[in-house]
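Here is a short briefing to read with the structure open beside you.

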Amino acid sequence: MSYAFGSARKLYTARCHPRLHLSAADLEGLRRKTRSGWGQKILDALRRKVGLYVRTVEGIEDMAEALGPNSRKANAHGVFANLPDLALVGVLDRDPRIVNAVRRILNAIPETDRRQGRDRLSYAYGGGVTVSVAYDLVHAEMEPSERAELTHWLYTKCVRETLDTLRNGNYLRHPAANIPMYGMISAHLAVLAIEGDPGVPDLSAEKAELLLFLEASLRTMFGPEGYTEEDIGYGTSMACLISFVAEPARRAGLFDAYQECPGYTRFGRALSV
């Protein structure tokens, strides 16, 4: 598994999944590394955590309702927040029970978003952070119709609608503000996850605009020594979050944050001093 610049470019050219953080070959390597030692201990801990959420999903009849803002179902919101972990453990273990739970969640997200409306930060605005990673991992396990509905939602809502919101809010005037950044990261991950998939239109213009926003955020959110411009608590959280897209963008050969943005490179060192 490599985050070197351009290391995943061939995966995007060939329209392969997974690709955001790892490849199918990387999954095989992880399976070997998690059979013993610390790798096994880490994966066993993830299995225990994931097991709770799988049981939660299996006990839910109306998944779209359970994922909504007014849900009273215990652990339902934790299910969504931990969706990438469920997807990773499911594909690593080739566990149909976990994979089916992930599919149920992904299939319910568009309907949850429709019911939620636009009176709050919606799944459409920030959902790409988790949905895109999970979709990329379980892509091969989904039915074509499931992929088609989810990619349509990711494109129309997570990408197009979010970009409209960011433009109307004059993103480049405050590229280090946390709420606009969250939308940018979500939309950018959605683009990387669905680009080239059947039914998805050309995303060159959206990708170029989001790369501009990403660079603006990386250049303004860190001081010269690598400390975040926002307070060390929230600022540190956002610095970690932006890595969720900066690293896949580097793998894809789109933008090298380590070369272009010295503050990002110095961030970890600044926190360790």
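## Salt bridges and helix packing

Helix α10 (residues 144-168) holds both K157 and E161, which sit four residues apart, about one turn of the helix. Their side chains form a salt bridge, with 3.3 Å between the closest N and O atoms. Please keep in mind that this is a predicted model.

- K157 is partly exposed, with a relative accessible area of 27%.
- D164 and R167 both belong to helix α10 and are three residues apart, about one turn of the helix.
- D164 counts as partly exposed at 37% relative accessibility, and R167 is partly exposed with a relative accessible area of 37%.

**Salt bridges elsewhere**

- The side chains of E195 and K207 meet in a salt bridge, at 2.8 Å from N to O.
- E195 lies in the loop between α11 (178-194) and α12 (204-220), while K207 is in helix α12, so this pair ties together parts that are twelve residues apart in sequence.
- Are E195 and K207 buried or exposed? Both residues are buried.
- One network, joined by salt bridges that share partners, takes in D62, E65, E111, R114, R115 and E149.
- The count of salt bridges comes to 19.
- As background, side chains of opposite charge can pair when their charged atoms come close.

**Where α3 meets α6**

- The axes of helix α3 (residues 37-58) and helix α6 (residues 83-93) come within 9 Å and cross at roughly 115°.
- Angles from 65 to 115 degrees count as roughly perpendicular, and α3 and α6 are therefore roughly perpendicular to each other.
- Their crossing is left-handed.
- On the α3 side, the contact is made by L43, L46, R47, K49, V50, Y53 and V54.
- On the α6 side, the contact residues are D85, L86, V89, L92 and D93.
- Sorted by class, the contact of α3 with α6 has eight nonpolar residues, no polar ones and four charged ones.

**Where α6 meets α9**

- Helix α6 also packs with helix α9 (residues 128-138), at an angle of about 10° and with the axes 8 Å apart.
- Angles under 35 degrees count as roughly parallel, and α6 and α9 are therefore roughly parallel to each other.
- From α6, the residues in this contact are L83, P84, A87, L88 and V91.
- They meet T130, V131, V133, A134, L137 and V138 in α9.
- What classes of residue make up the contact of α6 with α9? There are ten nonpolar residues, one polar residue and no charged residues.

**Around V245**

- V245 is found in helix α13 (residues 232-251).
- At 0% relative accessibility, V245 counts as buried.
- Which residues does V245 touch, not counting residues up to four places away in sequence? V245 touches I185, H188, L189, L192 and L214.
- V245 and M184 are 61 residues apart in sequence, and their C-alpha atoms are 9.3 Å apart in space.

Note on methods
Residues numbered from 1 in each chain as written. Predicted model: local features only at pLDDT ≥ 70, side-chain atom pairs only at ≥ 80, totals over all residues. Heavy atoms only, no water. Axes fitted to C-alpha atoms, helices over the stretch in contact; angles between N-to-C directions. Helix = DSSP H or I, 4+ residues; strand = E, 2+ residues; numbered from the N terminus. Parallel < 35°, antiparallel > 145°, perpendicular 65-115°, else oblique. Left-handed = near helix turned anticlockwise from the far one by under 90°. Contact = heavy atoms within 4.5 Å. Nonpolar A, V, L, I, M, F, W, Y, C, P; charged D, E, K, R; others polar. Salt bridge = Lys/Arg side-chain N within 4 Å of Asp/Glu carboxyl O. Buried < 20%, exposed > 50% of the residue type's maximum accessible area, 1.4 Å probe, protein only.
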